[in-house]
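Here's a quick briefing to read alongside the model. Take a look at the fold, then go through the notes by topic.

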Amino acid sequence: MGTLAAMMQWFPTGWAHYLVGGVFIGLGVAWLFLATGRVGGMSSVFSSTWSFVSQRSAFQQPRYLNSRAWRLVYALGLILGAAVWWLFFSPRQPMHTGLPVWQLLLGGLLVGYGARRGNGCTSGHGICGMGSFQLPSVGAVLVFMATAFATAQLVAAWLPAGVAR
């Protein structure tokens, strides 16, 4: 019981919404894959959306051009799902990390770079790739997780206490 109480401190806003959200994400990507054979990773949504505004060859690949319409609908569904949760199930209190903006931007750039280098993001490999038993996705998720754990430990050890929070 002490261990459970200790684990609950990791979820200061509760855990149920994470569970419900995870189940819905899993059901959504499973339905997408079973119904269409398409993988619902978000880095592909990002790249296909850039194909509307950037003429760079990286964003003008047929796989992005031919799928950008449904990927926009997919992304819109995610945004609307979050809005529904916010309106009907959230405590309606603004949520924030307390992290400085520069850390959020740096983290976003590193994640984007990693997703580009890893040929997919955590959602693509972790939810869709592992869900369809793809061995490269297992390796990618292990690298993502090890990097995240190491980065968190290094940031906590090296940054002054006020900056890391």
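Helix axes here are lines fitted to C-alpha atoms over the stretch in contact, and angles run from 0 to 180 degrees between N-to-C directions. Keep in mind that this is a predicted model, where local features need pLDDT of at least 70, side-chain atom pairs count only at pLDDT 80 or more, and totals for chains, interfaces and linings use all residues. Residues are numbered from 1 along each chain as its sequence is written, and side-chain values use heavy atoms, with hydrogens and water left out.

**Overall layout**
- The chain has nine helices and zero strands, where helices (H or I, at least four residues) and strands (E, at least two) are DSSP runs numbered from the N terminus.
- Its C-alpha atoms fill a box of roughly 50 × 35 × 35 Å along the principal axes.

**Helix 3 against helix 5**
- The axes of helix 3 (residues 42-50) and helix 5 (residues 68-88) come within 9 Å and cross at roughly 120 degrees.
- That makes the two helices, helix 3 and helix 5, oblique to each other (angles under 35 degrees are roughly parallel, over 145 roughly antiparallel, 65 to 115 roughly perpendicular, and the rest oblique).
- On the helix 3 side, Met-42, Ser-44, Val-45, Ser-48 and Thr-49 meet Arg-68, Arg-71, Leu-72, Tyr-74, Ala-75 and Leu-78 of helix 5, with contact meaning heavy atoms within 4.5 Å.
- The residues of this contact split into six nonpolar, three polar and two charged (Ala, Val, Leu, Ile, Met, Phe, Trp, Tyr, Cys and Pro count as nonpolar, Asp, Glu, Lys and Arg as charged, and the others, Gly among them, as polar).

**Largest pocket**
- A pocket is an open set of points on a 1 Å grid over the protein atoms alone, where a 1.4 Å probe fits, with protein on both sides within 12 Å along at least five of seven lines; lining residues have an atom within 4 Å of a point.
- The largest pocket has a volume of about 1100 Å³, a volume being the space filled by probe spheres set on the points, which are joined across faces, edges and corners.
- Of its 29 lining residues, Gly-107, Val-111, Thr-147, Ala-148 and Thr-151 lie nearest the centre.
- Helix 8 gives the most to this lining, with 12 residues.
- By class, the lining has 19 nonpolar, 10 polar and no charged residues.

**Second largest pocket**
- The second largest pocket has a volume of about 770 Å³.
- Among its 23 lining residues, Gly-21, Phe-24, Ile-25, Leu-78 and Gly-81 are the closest to its centre.
- Helix 2 provides the largest share of this lining, nine residues.
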